Amino acid sequence: MASIEAVRQALSQVMDPELNRSIVDLGMVHDIAIDDGTVSFTLALTTIACPLRGQMANDARERLMALEGVSDVVINMREMTAEEKAKLTGGASAQQEGSALGYNNVRHVVAVLSGKGGVGKSSVSSLLAVALRRRGHRVGLLDADITGPSIPKMLLHRDERPIGSPLGILPVQTEGGIKLMSINLLLADPNQAVIWRGPLISGAIKQFWGDVVWGDLDYLIVDLPPGTSDASLTVLQTIPLNGIVMVTTPQSLAGMVVRKAASMASQLNIPLIGLIENMSYAECPKCGEHVEVFGPSNAAEVATAMGVPLLGRLPIRPDIARLGDSGRLEEYPAEEFEDIAERLLALVPEQACTPASARQ
Ligand SMILES: Nc1ncnc2c1ncn2[C@@H]1O[C@H](COP(=O)(O)OP(=O)(O)OP(=O)(O)O)[C@@H](O)[C@H]1O
Ligand SMILES: [Mg+2]
């Protein structure tokens with residue numbers, strides 16, 4: 001017999017055709033009950049005269065009837081209360097900070113930081129999101145690299161655009177269901193350079209956090225701009241983070257810059273969750289021998305010096321570059337990444353830090 005959770009899961013596949021969002025995420029589903037083979041629930045509509053209500057009800061009915069042991073579906077419809085409507089459209093208090101803020105429920109925010117550019121931070125952020133999604137978590141990926149956005153290029157192979165709604169900007173979803181937001185998705189031409197100065201960048205990041213309808217998320221991964229620049233600082237001071245993951249490569253200099261980044265995090269009082277060494281080694285396709293292309297790994301020493309756990313070492317894999325270049329990184333089998341994700345999950349602090357800007 002289907003469980004309440006299975007019913008909720010099935011209903012989360014039903015979209016409000018107008019908002020293109022799940023009716024569960026929109027807070028439209030209430031009072032789910034199961035009595036023998038009969039499943040009943042209440043569908044709260046923004047207006048009882050909603051012309052699309054039949055479509056949503058039919059879709060819901062079809063999905064529930066497909067569940068094991070369900071022989072009948074009863075849908076009670078009512079209009080949302082004023083309070084529910086206010087929550088849906090942001091409400092007066094949420095409006096001040098960003099219309100979607102009062103509505104979003106993001107349980108953990110993890111930023112991915114590196115000491116310098118090109119170490120594979122965006123690839124690691126994407127693979128992390130993929131690994132968490134594969135484990136069944138609700139995952140978002142915020143591309144906070146405003147002047148060098150690369151997340152859509154790695155995870156989308158179709159031309160997709162976020163759409164506006166009364167709630168705020170609705171993120172684009174990958175095939176696997178990861179919610180994405182990046183400045184590249186908003187530009188008329190994705191090849192256009194973003195030559196913005198600090199205040200504009202900071203405004204965009206605030207909007208990506210406060211005006212994007214992330215809905216209910218277990219994890220929001222934030223891909224930071226490279227290094228300890230002003231742009232990274234803005235993100236760390238704007239978004240309430242649960243922790244930071246550092247990415248490095250096995251060069252001695254990388255160790256130094258990573259320590260600099262770690263010092264920035266500690267000055268901001270944001271916990272460092274751990275270190276991932278990317279491009280750690282290459283594997284010979286013939287004999288399987290590990291070749292340390294950039295020299296011997298110093299990840300363990302760097303991690304010890306920083307006092308953080310080493311979450312794992314990721315080898316150079318031609319597939320990561322190839323799939324990342326064609327918007328198909330979600331297809332990477334990511335076995336190596338499963339372990340990294342698991343270690344990370346065990347270490348993510350439950351409590352988010354209030355951003356420094358809000359503390360001042
Ligand atoms: N483990 C890996 N194996 C093979 N290629 C990789 C690996 N990690 C990253 N790459 C490739 O290296 C390049 C740089 O990676 P990526 O864009 O993720 O780095 P980044 O640190 O985000 O860069 P930036 O500092 O510009 O934001 C990309 O072409 C990517 O496909
Ligand atoms: Mg990047």
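Let's start at one end of a sheet: β10 pairs with strand β11 (residues 179–181) in the antiparallel sense, over two bridges. Across that pairing, Gln-173 sits opposite Lys-179 in β11. Keep in mind that this is a predicted model. From here we can look at the whole sheet, then a helix, a ligand and the domains.

**The sheet**
- β10 and β11 belong to an open sheet of eight strands with mixed pairing, and the order is β10-β11-β7-β12-β6-β13-β14-β17.
- β10 (172–173) and β17 (310–313) are at the edges with a single partner strand each, so one side of each has no neighbour in the sheet.

**A helix across the strands**
- α5 lies across β6 (105–114), β7 (139–143), β12 (216–223), β13 (243–248) and β14 (272–277).
- Relative to β12, α5 runs at about 165 degrees.

**Around ligand 1**
- Ligand 1 is surrounded by 20 residues, and the closest are Gly-117, Gly-120, Ser-122, Ser-123 and Pro-226.
- Which elements give two or more residues to this shell? They are α5 (121–134) and α11 (318–325).
- Sorted by class, the shell around ligand 1 has ten polar, seven nonpolar and three charged residues.

**The two domains**
- The protein splits into domain 1 (4–86) and domain 2 (105–359).
- Going by C-alpha atoms, the centres of domain 1 and domain 2 are 35 Å apart.
- How many residues of each domain are in contact with the other? Four from domain 1 meet six from domain 2.
- On the side of domain 1 that touches domain 2, you'll find two charged residues, one polar and one nonpolar.

Terms used. Residues numbered from 1 in each chain as written. Chains lettered and ligands numbered in written order. Predicted model: local features only at pLDDT ≥ 70, side-chain atom pairs only at ≥ 80, totals over all residues. Domains from an automatic or database assignment. Contact = placed C-beta atoms within 7 Å. Nonpolar A, V, L, I, M, F, W, Y, C, P; charged D, E, K, R; others polar. Near = placed C-beta within 6 Å. Helix = DSSP H or I, 4+ residues; strand = E, 2+ residues; numbered from the N terminus. Pairing = 2+ DSSP bridges. Axes fitted to C-alpha atoms, helices over the stretch in contact; angles between N-to-C directions.
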